[in-house]
There are 2 protein chains.
Amino acid sequence: MYTINEHYLKLQGSYLFSTIAKKVSEYQKEHPQAEVIRLGIGDVTQPLVPAIIEALHNAVEEMGTTEGFHGYGPEQGYEFLRECIAREDYQNRGCPISAEEIFISDGAKQDVGNIQEIFGLGNRVAVCDPVYPVYVDTNVMAGRTGEFNVRTGGYEGLIYLKCLEENGFSPRLPGEKPDLIYLCFPNNPTGMAITRTALQEWVDYANQNGSVILYDAAYEAYITEEGIPHSIYECEGARRCAIEFHSFSKNAGFTGLRLGYTVIPRELSCNGVSLHELWNRRHGTKYNGAPYLVQRAGEAVYSSEGKAQLKEQVAYYMENARLIREGLKAAGFTVYGGVNAPYIWLKVPERMSSWEFFDDLLKKAQVVGTPGVGFGQGGEGFFRLTAFGTRENTLKALERIKRFY
Amino acid sequence: MYTINEHYLKLQGSYLFSTIAKKVSEYQKEHPQAEVIRLGIGDVTQPLVPAIIEALHNAVEEMGTTEGFHGYGPEQGYEFLRECIAREDYQNRGCPISAEEIFISDGAKQDVGNIQEIFGLGNRVAVCDPVYPVYVDTNVMAGRTGEFNVRTGGYEGLIYLKCLEENGFSPRLPGEKPDLIYLCFPNNPTGMAITRTALQEWVDYANQNGSVILYDAAYEAYITEEGIPHSIYECEGARRCAIEFHSFSKNAGFTGLRLGYTVIPRELSCNGVSLHELWNRRHGTKYNGAPYLVQRAGEAVYSSEGKAQLKEQVAYYMENARLIREGLKAAGFTVYGGVNAPYIWLKVPERMSSWEFFDDLLKKAQVVGTPGVGFGQGGEGFFRLTAFGTRENTLKALERIKRFY
């Protein structure tokens with residue numbers, strides 16, 4: 001008789017956002033009249049910009065002709081897109097990353113979830129707490145953790161890097177040495193950024209201890225302040241210890257189009273085995289490349305029209321972030337984030353848990369957010385709101401929150 | 001110091017098709033004038049049909065409007081597509097599969113490669129020999145095999161089901177009992193089909209022994225004969241033991257568009273744990289759904305215009321298959337396949353290995369095929385040609401082959 005992967009049984013409940021979706025759908029069934037405003041999942045609401053739509057139409061047109069048809073593409077992604085990324089996201093910012101070090105995929109979530117496969121099962125994993133659940137769950141599924149500990153609210157064997165009010169939501173270097181370190185800045189869920197100086201400390205730490213940093217830069221486009229790194233490769237020595245993940249979801253609205261990329265520098269190797277080669281092998285064996293037309297849409301993100309149009313789109317969301325941040329402050333809430341990231345991390349009213357606040361907010365204001373504890377024990381007492389709604393809904397939600405709290 | 005997944009080091013050379021691509025590119029560098037015809041990789045050449053192009057344009061148009069924009073979709077796929085599949089590919093053929101049992105993805109290769117994650121590492125795996133390399137390599141990477149054995153030409157610990165001329169390329173039930181059994185019919189690479197009666201024996205065997213059959217039905221659209229099953233669920237009891245994979249690559253030319261699906265019936269469970277639920281958890285944690293516009297293109301595959309246009313496209317490739325099969329026979333080759341599949345499996349000239357024939361064919365005729373041994377030891381002495389070329393190239397390739405052999 002065959003057996004299943006027993007590690008899956010360690011997972012706690014279902015995936016956070018599925019749970020939220022279920023709660024909201026139940027509420028709506030009971031209150032069909034209620035106009036629910038969703039500021040929970042980090043999904044964008046603005047349509048794709050004209051430069052991207054045009055690129056998509058052109059690519060579709062090509063696919064309908066014998067000369068323009070594209071079948072299987074290179075698994076690592078088309079050169080035309082990798083060249084744009086290397087130039088615009090790296091070389092123009094002084095980071096020496098070449099096109100050849102970039103792997104295109106259909107989304108950062110997949111890459112961030114799959115990257116652990118190229119590492120041994122015995123590696124000690126460190127994650128921030130609170131944290132994007134995918135880093136944790138994929139390691140649980142692979143068997144790199146023990147059981148979930150109800151008392152601590154975490155998995156045995158994981159190193160949790162607390163991101164709390166007390167440390168400005170910037171994790172301290174751990175005493176216990178991890179092999180794999182997941183970092184995401186600007187951070188999901190706290191919306192807080194890391195300074196270049198603080199990130200350099202992590203890079204130095206990783207190089208000293210022989211750790212790899214898995215750096216999720218999904219929210220890089222939302223950075224507004226100076227001194228905040230857009231890429232970990234702005235730090236010295238990062239090419240020897242860091243893998244970086246990027247998404248097109250937040251900077252260009254590709255949540256429904258699906259595109260991302262991963263950078264693995266050539267220097268990164270473990271006893272002479274290149275991590276780039278390992279990932280290349282994984283990509284070639286288990287993946288078949290992102291759709292041609294989506295890669296053409298990705299290229300349009302870097303055109304001059306595309307850049308101008310997307311700058312406006314990001315500014316639109318960041319104005320939402322400012323409105324939420326300042327509106328909540330005026331209403332007496334303590335709020336974090338929203339300056340270099342599209343997320344606002346607010347302290348829930350005293351004597352309430354974050355799920356209680358979720359239920360309360362849904363019931364009173366018909367506003368959906370994400371309970372902080374859904375991102376780990378360190379998120380208890382906090383609540384995430386996203387700036388990805390429409391202006392109208394964002395203002396309406398704020399008005400309702402101010403009325404009830 | 002972190003460690004890598006050492007199982008990757010067991011993998012033999014690079015992925016088959018990358019090796020071929022490299023050999024061809026080297027040949028072309030040395031012979032820039034040569035007009036190379038590629039009948040190697042199973043990639044299609046005909047453009048997307050008008051019904052699909054129209055659906056894509058419409059979906060692109062939607063994505064550019066506030067009302068029509070689609071962000072994150074359901075991870076399992078949109079209802080509109082799952083309903084089409086359940087009705088057209090299953091219920092209309094008498095297979096009781098519901099939309100709710102279908103998972104949409106960006107390609108069968110990914111699903112076929114990832115499915116092993118939900119099973120324990122101790123499972124014994126059986127694969128056909130020759131075989132599509134992804135089944136083997138993904139299990140090697142996970143650690144379900146021992147080292148590669150140069151003498152046997154296979155990995156220790158795998159059960160190889162020989163598909164040879166002697167048994168009509170239909171594998172016999174193994175004496176040693178496997179837990180996971182990969183089957184692909186119509187078969188890649190041999191191009192041979194399995195009868196419903198023979199497949200029923202496998203289903204019965206799996207149910208008796210507590211095995212799961214992982215059934216790859218990627219070439220189903222090419223079946224022309226009666227009595228050949230289009231789905232494993234045509235067999236009694238398959239809902240209790242089989243997972244089925246489908247691709248849109250071959251029936252609709254989606255190799256560059258990326259779409260596939262996996263069926264996991266509700267009955268399939270291991271000591272009370274539902275495999276459907278395990279895969280659902282994996283899908284939700286490591287995947288974010290196929291692009292909205294590609295799913296709309298998938299829906300168009302099932303429209304009446306789409307069906308009519310694709311029937312013609314498949315017929316075009318199958319006429320290629322007939323021409324190759326009969327042309328090679330006339331030239332004195334022994335050939336198999338090409339009746340219910342777009343692949344022709346030919347016996348290479350005596351005293352030649354399949355890689356020698358690859359090199360010889362490239363040098364003499366500038367025709368690229370796939371050496372049988374690239375699919376496993378059981379493929380030695382054979383060679384795969386695909387019917388996915390253009391008519392013009394197919395005829396030209398045949399002419400050259402006839403001239404030199």
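How many residues does the contact take from chain A and from chain B? In this predicted model, the contact takes 81 residues from chain A and 80 residues from chain B.

## Extent of the interface

Between chain A and chain B, an area of about 6,600 Å² is buried. Carbon and sulfur atoms give 60% of that area. Three residues, A:Tyr2, A:Tyr72 and A:Arg281, supply 13% of the area that chain A buries against chain B, which is more than any other three residues.

## Polar contacts and salt bridges

Four salt bridges are counted between chain A and chain B. B:Glu75 forms a salt bridge with A:Lys109, and the closest N and O atoms of this pair are 3.5 Å apart.

## Elements on the side of chain A

Which elements of chain A give two or more residues to the side that touches chain B? Among the helices are helix 2 (50-63), helix 4 (108-114) and helix 5 (133-142) of chain A. Helix 7 (249-252), helix 8 (275-286) and helix 9 (292-301) of chain A also belong to this list, as does strand 11 (269-270) of chain A.

Helix 8 of chain A gives the most to this side, with seven residues. By residue type, the side of chain A that touches chain B divides into 34 nonpolar, 34 polar and 13 charged residues.

## Symmetry of the two chains

Two copies of a chain are related by a rotation about an axis and a shift along it.

Through which surface do the copies meet? Of the interface residues of chain A, 99% are also interface residues in chain B, so the copies meet through the same surface.

## A buried residue in chain B

B:Glu88 lies in helix 3 of chain B, which covers residues 79-90. Is B:Glu88 buried or exposed? The relative accessibility of B:Glu88 is 18%, and the residue therefore counts as buried, since buried means under 20% relative accessible area. When its neighbours within four places in sequence are left aside, B:Glu88 is in contact with B:Arg93, B:Tyr302 and B:Lys307.

Notes: Residues are numbered from 1 along each chain as its sequence is written. Chains are lettered from A and ligands numbered from 1 in the order in which they are written. This is a predicted model: local features need pLDDT of at least 70, side-chain atom pairs count only at pLDDT 80 or more; totals for chains, interfaces and linings use all residues. Side-chain values use heavy atoms; hydrogens and water are left out. Contact means heavy atoms within 4.5 Å. Buried area is the accessible area (1.4 Å probe) that two parts lose on being put together, summed over both. A salt bridge is a side-chain nitrogen of Lys or Arg within 4 Å of a carboxyl oxygen of Asp or Glu. Helices (H or I, at least four residues) and strands (E, at least two) are DSSP runs, numbered from the N terminus. Ala, Val, Leu, Ile, Met, Phe, Trp, Tyr, Cys and Pro count as nonpolar, Asp, Glu, Lys and Arg as charged, and the others, Gly among them, as polar. Buried means under 20% relative accessible area, exposed over 50%, partly exposed in between (1.4 Å probe, protein chains only).
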